[in-house]
Each structure stands twice: as structure tokens, then as C-alpha cells.
Amino acid sequence: MTEGIIHLANHSMLQALPAGWVGEILDEELVASPRLTPAQTRAAFMLGVELGEQLDRRRGGSGRWCFLRAPELRLGPDVLVPDVAGWRRDRVSSPLDPDVPFLTLAPDWVCEVLAPSTVALDRTRKLPLYARQGVSHVWLVDPAARTLETYQRVKRGWLLTGCYDSDALVRAEPFTSAPVELESLWLPESALGNVSAMLSAVP
């Protein structure tokens with residue numbers, strides 16, 4: 001495959017996936033994953049809120065970062081869809097084109113929200129690709145275990161820099177100046193399996 005060009009057959013299949021599935025192209029292979037569950041959606045959304053309110057100008061923060069929820073990243077031959085991604089503002093030289101549904105600039109930080117159906121994919125296939133594409137930091141959030149793992153890219157891959165659980169107040173790279181209340185990411189225990197309680201827990 002020519003570098004920077006997505007195989008047309010894979011791209012056509014990507015567009016043809018049924019509703020409820022997220023498609024990615026990893027090392028020339030089309031991979032489909034189910035969309036996030038409510039607990040995962042809550043974790044991804046609230047992490048964006050926690051960071052955005054402190055660091056994203058559009059959320060009233062310092063303006064040093066730009067965050068997007070589930071962006072499509074076309075990085076060389078790969079198509080990746082992290083659950084949350086962030087770019088340092090000084091790397092975004094021009095406003096995003098609202099008519100282009102994907103990005104070609106690798107983020108500085110990504111977060112994947114783990115699920116039993118995607119944990120192997122996130123850990124064994126996507127992490128190496130993020131390293132190869134120059135992403136500097138990866139966070140892995142597990143709503144079931146109520147944990148957060150933080151990683152920093154080094155020469156040989158990823159270095160685990162922190163593990164946090166439950167209601168920890170997290171100050172982790174690359175956001176040491178923006179504490180994250182981990183407890184805000186989790187659905188209340190009483191909301192699990194209860195649609196009404198689940199919706200009332202969403203801010």
C-alpha cells in the first residue's frame with residue numbers, strides 16, 4: 001500500500017458498516033467494534049468535560065489544548081478512532097475545516113475507554129500504532145474496574161507512568177496542571193441497568 005493512501009476497498013467497507021459499529025483500518029485490516037456502552041460513554045464524555053473546562057478555550061479553559069470526542073484520524077495508511085483525543089494548541093496552526101470529516105494531524109494525547117470486547121484491540125493493536133504515529137501520551141480508562149492507566153511514549157514503546165482507581169484526584173502527564181476527579185467518570189452503582197437512573201446521572 002502506498003504510504004498515506006487508504007486502500008479503496010477497505011474504505012468502502014468502512015463506510016458500509018451498519019449503525020452501531022465503529023470501523024477502523026489497522027495495518028491494512030478493517031476492524032469493526034461496537035459503539036460505547038452508557039458507562040463507557042459517560043467516562044469519555046466526563047473526561048472531556050473535566051479536561052476541557054480547564055484547558056480548552058471553548059470551554060472557558062486556558063486555551064492550551066483542543067479536545068475532540070471520537071475523531072476519525074487518517075494517519076498514513078491507518079484509520080483510528082480514539083474515544084477522546086487532544087492536541088496542543090500551538091500545533092494546530094489553522095482552524096479545523098468543518099466540511100472535512102477526518103483529521104490527518106496526529107494528536108498529542110488520546111484516551112481509550114476499555115470494554116471486554118475491545119480491550120485486546122486497544123492494548124495490543126492500537127497502542128503500537130499510536131506510538132508509530134507519534135502520539136506522546138495515552139490514557140486507558142476502565143469503567144468496569146473504575147481505573148485509569150497513564151502511559152508515555154519512550155524509545156521502545158510505552159512506559160506506564162501511573163495507575164489510579166475509584167475516587168482518586170489525578171494529576172498526570174500531560175495535564176499535571178489540570179486535576180481530574182476520577183469519580184466523576186463513573187456511573188453511580190444504582191444507575192447500572194436502570195435506564196431512568198442512568199439518564200438522571202448524566203449532567
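User: How many aromatic pairs does the structure hold?

Analyst: This is a predicted model, in which local features need pLDDT of at least 70 and side-chain atom pairs count only at pLDDT 80 or more, while totals for chains, interfaces and linings use all residues. Residues are numbered from 1 along each chain as its sequence is written, and side-chain values use heavy atoms, leaving out hydrogens and water. Rings of Phe, Tyr and Trp (its six-membered ring) pair if their centres lie within 6.5 Å; planes under 30 degrees apart count as stacked, over 60 as edge-to-face and the rest as tilted. The number of aromatic pairs is seven.

User: What kind of pair do the rings of Trp65 and Phe175 form?

Analyst: A pair of aromatic rings is described by the distance of the centres and the angle of the planes. For Trp65 and Phe175 the centres are 4.8 Å apart and the planes stand at 65°, so the pair is edge-to-face.

User: How many residues apart in sequence are the parts tied together by Trp65 and Phe175?

Analyst: Helices (H or I, at least four residues) and strands (E, at least two) are DSSP runs, numbered from the N terminus. Trp65 belongs to strand β3, and Phe175 to the loop between β11 (169-170) and β12 (180-181). The separation of the two parts, in residues, is therefore 110.

User: Does Phe175 count as buried or exposed?

Analyst: Buried means under 20% relative accessible area, exposed over 50%, and partly exposed in between (1.4 Å probe, protein chains only). Trp65 has 3% relative accessibility and counts as buried. Phe175 has 1%, and so Phe175 counts as buried.

User: What is the angle between the planes in the pair of Trp109 and Phe175?

Analyst: The rings of Trp109 and Phe175 lie 5.1 Å centre to centre and are edge-to-face. Trp109 is in strand β7 and Phe175 in the loop between β11 and β12, 66 residues apart. Trp109 is buried at 0% relative accessibility. The angle between the planes of Trp109 and Phe175 is 80°.

User: Which residues of the largest nonpolar core touch the most other members?

Analyst: A nonpolar core is a set of buried Ala, Val, Leu, Ile, Met, Phe, Trp, Tyr and Cys residues joined through side-chain atoms within 4.5 Å. The largest such core has 23 residues. Those that touch the most other members are Leu47, Leu51, Trp109, Trp139, Val141, Phe175 and Leu185.

User: Which element gives this core its largest share?

Analyst: At least two core residues come from each of α2 (38-55), β3 (65-69), β7 (109-113) and β8 (137-142). The largest share is six residues, and its source is α2.

User: How many salt bridges does the rule count?

Analyst: Side chains of opposite charge can pair when their charged atoms come close. A salt bridge here is a side-chain nitrogen of Lys or Arg within 4 Å of a carboxyl oxygen of Asp or Glu. The count by this rule is nine.

User: How many residues apart are Arg132 and Asp27?

Analyst: The two side chains meet in a salt bridge at 3.1 Å, N to O. Arg132 sits in helix α3 (residues 119-132) and Asp27 in the loop between β1 (21-26) and β2 (29-34), so the pair links distant parts of the chain. Arg132 is partly exposed at 49% relative accessible area, as is Asp27 at 45%.

User: Over the face of which residue does Arg74 lie?

Analyst: A charge sits over a ring if NZ of Lys or CZ of Arg is within 6 Å of the ring centre and within 35 degrees of the ring normal. Arg74 is at 3.9 Å from the ring centre of Phe102.

User: Over which residues does pLDDT stay under 50?

Analyst: pLDDT is the predictor's confidence in each residue, from 0 to 100. The chain averages 87, and 85% of the residues score at least 70. The stretch where pLDDT stays under 50 is residues 1-6.

Definitions and conventions
Contact means heavy atoms within 4.5 Å.
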